[in-house]
Structure formats: structure tokens, C-alpha cells
Amino acid sequence: MAWVPPPYAIRWFGPFCAVLTALALAAVGAVAFGPVPGVAAMAAVGFAAAWGASWASAMLIRRSPALKAPPPQEIAPAEAAAPPGDRPEEVRAGDAAGRAEIHAALADHLAVYDQLFARAATDTASVTAETEAAAYDIMTSLREVDAAMTELLAFLDLSGSNARVIEIVDQTDQQLSENRQLIGDFLVRRDQDVVECRQRLDELDVATAQLTRATEGVQTIARQTNLLALNATIEAARAEKAGAGFAVVAKEVKDLSGASAGTATRIAADLASLRESIRENFSTLVTDRVESERGELMKIAAAIASLTENMERLVAHQRDTLVKVQEESARIAQPIVRLIGSIQFQDVTRQRLQHLEGIFAVARTHLHALDLSNPLTKSFPDPKQFAEFALSEGPSPPRSGMNHNNDIELF
Amino acid sequence: MATTIMIVDDSPTMLMSIEGILTKAGLGVVKAASGEAAVTTLQAGTKPNLLITDLNMGAMSGIDLIRRVRKLPGLQFIPILMLTTESQQDKRNEAKSAGATGWIVKPVDPEALLKVIRQLVPGA
């Protein structure tokens, strides 16, 4: 009698196929639409579709007259390999027809699963290739960003930009301070010059006053000489002829005294004019110009002070900028390293997909072993073997969020 | 003398990732895309301070590579870390028997990886 599958095989064949299909579609969905919605949606669709298909086939099998024969547990697996007709006394015509119908239906399902497995294998291979290429591009870009950041920091360190700018500004500030000091010293010296000029002018006034007094003395002497000449003229007149010569001398003395008085008066007037002229020139040349010069120099000093202040602001800004660049570069370095580390997800995904491909291949073999029309089928495959490959071999189970679990063991 | 780490992995992305982590930490890196390439490089005289290898790499697995490396002169005692997605205890035991120093499951946190390296290579 031909071997028929035991009831538990018929009962679990549908769920088994549904789980496999759901697993395959969940893997594809996870890659295509993301871990949570992809797995949930595609797994639900795959499970429902496969369950429905298997339920229909199970119903077909149950209704088959062949399965209403003796309990399948009593059938030795070896008998399943015996072609129909070898023991015609154990095979009824109706059973043979039912088995043929079941085998045909099963073969149809297996063909569909073949297509599904082939499609899943193609998809997983495609996902592996695409994620690998994308991860490589991301990795290359990350390395470029990292290299640029490293070069920038190295440049800042090697060039000593901050220290160099501060040094330049310090030198400039020192020069500006020296210039301000020179202007201040110059103004002090100019003030001292003005004071000294005023002292010289006062001394000149004193000398001029002395000369004026001297001319007044000359004028006094001239007046007395004139009186003396007048007295001499009177005395010469009394002496009549004897005093005629003396009268001439007296007249000459009188004229001389008049000339002396006139000269003294002119000298006094010239001295007064000279003194006034010197004072006017001093006021113009010294006081006015010095004040004007002081005003200009004060403007220059103010400009230098403003320039110094602006340069100090510039230095502060430059220093803040450089410090900010260094701080931000250091802050970005850690995320870059984490990103570089996170690229490992691609390798983990690739190996999980390869493991899935392996599961599909084994599942395909197992499914074909269920095909009782195959003369090579001698027994149901061992489900433990398949479970062991699917659950024990391959990558570690996926974790939520792909976080680093740091499973590290030192021997 | 700078610390040199050899990385062996058939995934170019993994090679770049681990290389990036190590070079950022100031470590020297020698890469090999297969176990055979790693053996050739080591036979040519490269003496890394530590070796990190993947497990599944085609013809020569990471465990086969460890067995080959342990027979090379001067490399009997260098630390070898297995960096793999697998975590089965029997595989770990096999790697340990072959001469592996440690087992790390991918993905690994960069800081954790560097900590292990510094633990095994003082001064790294």
C-alpha cells in the first residue's frame, strides 16, 4: 500500500509553509520598507496568503479518499517508495486516483514555492549588493569628511594660527603704543618749548625795558646838556667878544643834545615796536601753531587708540573663531567615529541575508522531499535538521535598533 | 614604534569601517581581503601587533587563518580577535582551540573595540 503523510504532517504543513513564506517576505519587506513596518506588513500578507493556500490544499487532501484509508502511522516509510502497482492487491483504484490528484496539487504548490524561493534569493542578493555599494559610498564620504576635519585641525595646530595672529597683533599694538608715546612725548616737548619761549620773551621784555630806561637816561642827559648849553650861551653873551667862540661851542653842544634826545626817542620807539612785533610773531608762530599741531596730534592719537581697540576686537574674534573651530571639530570627531562604526550594519545585514538564502535553500529541499510522487522520496525530512540550521547556525539573532551589544569575550 | 593592526575581512565596507576606527585612534593598519591574502602578507614579513579577522570569508575561514598564522614564525603569540556576526558557543570553542585570543560579535562599538585592543597591546 502506498505511503500517505501522517495527520500531524498534514496539520502542520500549512503553518510550516506559511511561516516560511512570511519569513521570506518579512526579510524582503524589512529591507524594502524598514524594519518595523516592512516586517509586520509583509509577514502578515505572506502568512495570510500561504496559510490560505495551504488550508485549501489541506482540505483537498482531507477530502481525498486515499486519506481515509488505514492510519498513516501504521505505514512503513519504505512502502512509500514502492511504485503503485507493485502490490496491486493493496491498492484500490479509487485510492490511486486520489493520490494522483493530491500529488498533482502538491506539485503545483511546490512549483509556486520554487518561484517564491527563487524570487526571494534574487531579492536578497540584490539587497546585499545595493546595501554594500551604498555603505561603501557612505564610508568613502565619511572618510573624506574625516580626512578634511583632520587636515583642518592639523593645519590649525601646525600653523599655530591663533598664536600667530596674537603675535602679529601684539607687535602691532606695541608699535601703536610706541607711536602714541612718541606723540605724547612730542606734545610735552612742545609745551616745554612754549614755556621756554615765553621765558625768553619775558627776558626780552626785561632787556627792552632796560634799554628803554637807558634811552630815557640819554634823554635826561640831553635835556641837562641843553640847559648847560643854554647857560653857556648866556655866559658867552656876557663875555661879549671874549665869549664869541664859547657861544659857538655852546650852540654846538645844544644841537648835539637835541640830536641825542631825538635819537634816544627814536630808539625807545623802535624798541617798543620791536617788542610788539616779537610778541605778535610769538603768538602766531608758537601759540597758534602749537595749538593747531596739538589738535592734529590728538586726532592721530585718538585714531591710534581706536585702531588698537579694533585690532583687539579682531584678535578676540579671531581667537573665538579658532577656538570654536577646534571645539566643533573635536565634537564632530566622535559622531564620525560612531558613524564609521555603524557601517558594520551592512556586513551584519549581508550575512543575515546570506543565512536567509541558506534557509530558503534548505526549506526548498525539505519541501521537495514532501513530494510523495517523487520516487526518491522515502520518508519525511527531519524537521529538527531544518530547525537546527535555521535557528542554530548563522549570525546571531537580530536585535532591536541594531545597537552595538558589545558581545566581547576574551579567552 | 607605532602599533600595527592587521584586519582581514572579505567585506570592503567592514575593512574601511574598522580601518577608520583604528586610524582615528592613531593605530597603523594593514588590510587583507581574504585569509589567503593575509597569509601572503604575513609571510612577506609583516609583523602586526594584533590581528582581527572575520569568520566566514570564502575559501579560507577565519579559524583556518588562525591555524595558519599560529604556524608562522614570530606570530605564534600575537593576539588574534575574531570579529564576526556569529555568536554560537561551539564556533567560539573552535576558534579558541585554533588559537584565537577573543571573540567579538558585530556590530561592535568603536570604543569597546579600542578598549580590547589596548588591553591586549599595551601602549597601543
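A salt bridge here is a side-chain nitrogen of Lys or Arg within 4 Å of a carboxyl oxygen of Asp or Glu. By that rule, A:R313 and A:E309 form one, with the closest N and O atoms 3.0 Å apart. The model is predicted: local features need pLDDT of at least 70, side-chain atom pairs count only at pLDDT 80 or more, and totals for chains, interfaces and linings use all residues. Residues are numbered from 1 along each chain as its sequence is written, chains are lettered from A and ligands numbered from 1 in the order in which they are written, and side-chain values use heavy atoms, with hydrogens and water left out.

**View 1**
A:R313 and A:E309 both sit in helix α6 of chain A. Helices (H or I, at least four residues) and strands (E, at least two) are DSSP runs, numbered from the N terminus. Four residues, about one turn of the helix, separate the two partners. A:R313 counts as exposed because its relative accessible area is 52%. A:E309 is partly exposed, at 39% relative accessibility. The cut-offs are under 20% relative accessible area for buried and over 50% for exposed, with partly exposed in between (1.4 Å probe, protein chains only).

The side chains of A:R279 and A:D205 meet in a salt bridge, 1.8 Å from N to O. This pair links distant parts of the chain, 74 residues apart. A:R279 belongs to helix α6, and A:D205 to helix α5 (residues 161–238). A:D205 is buried, with a relative accessible area of 8%. A:R279 is partly exposed, at 33%.

**View 1. Chain A as a whole.**
Chain A has eight helices and one strand. Along the sequence the pattern reads α-α-α-α-α-α-α-α-β. Of its 411 residues, 30% are buried. Among contacts (heavy atoms within 4.5 Å) between residues of chain A at least 6 apart in sequence, 85% join residues at least 24 apart.

Chain B has five helices and five strands. They follow the pattern β-α-β-α-β-α-β-α-β-α. Of its 124 residues, 58% count as buried. In helix α3 (residues 62–70), B:R67 and B:D64 are three residues apart, so about one helical turn separates them. Their salt bridge has its closest N and O atoms 3.4 Å apart. B:R67 is partly exposed at 35% relative accessibility. B:D64 is partly exposed too, with a relative accessible area of 32%.

**View 2. The interface of chain A and chain B.**
Here 37 residues of chain A are in contact with 40 residues of chain B. The two chains bury about 3300 Å² between them, 56% of it on carbon and sulfur atoms. Buried area is the accessible area (1.4 Å probe) that two parts lose on being put together, summed over both. In chain A, A:Q344, A:L410 and A:F411 lose the most area to chain B, together 21% of what that side buries. Across the interface the rule finds 13 residue pairs in polar contact, both residues at pLDDT 80 or more. A polar contact is a pair of N or O atoms within 3.5 Å; within protein, one must be able to donate a hydrogen and the other to accept it, and residues adjacent in sequence count only if both atoms are side-chain atoms. On the chain A side, α4 (93–159), α6 (244–342), α7 (344–369) and β1 (408–410) each supply at least two residues. The largest share, eight residues, comes from α4(A).

A:Q344 lies in helix α7 of chain A. This residue counts as buried because its relative accessibility is 0%. A polar atom of the A:Q344 side chain lies 2.8 Å from the backbone oxygen of B:V108.

**View 3. Salt bridges across the interface.**
The rule finds six salt bridges between chain A and chain B. One of them joins B:D10 to A:R350, with the closest N and O atoms 3.5 Å apart. A network of salt bridges links A:D347, A:R350, B:D9, B:D10, B:D54 and B:K106. Over all chains the structure holds 24 salt bridges.

**View 4. Strand pairing between the chains.**
Three bridges join β1(A) to strand β5 (residues 102–105) of chain B. The two strands run antiparallel. Two strands pair if DSSP finds at least two bridges between them. A:I408 stands opposite B:I104 in β5(B).
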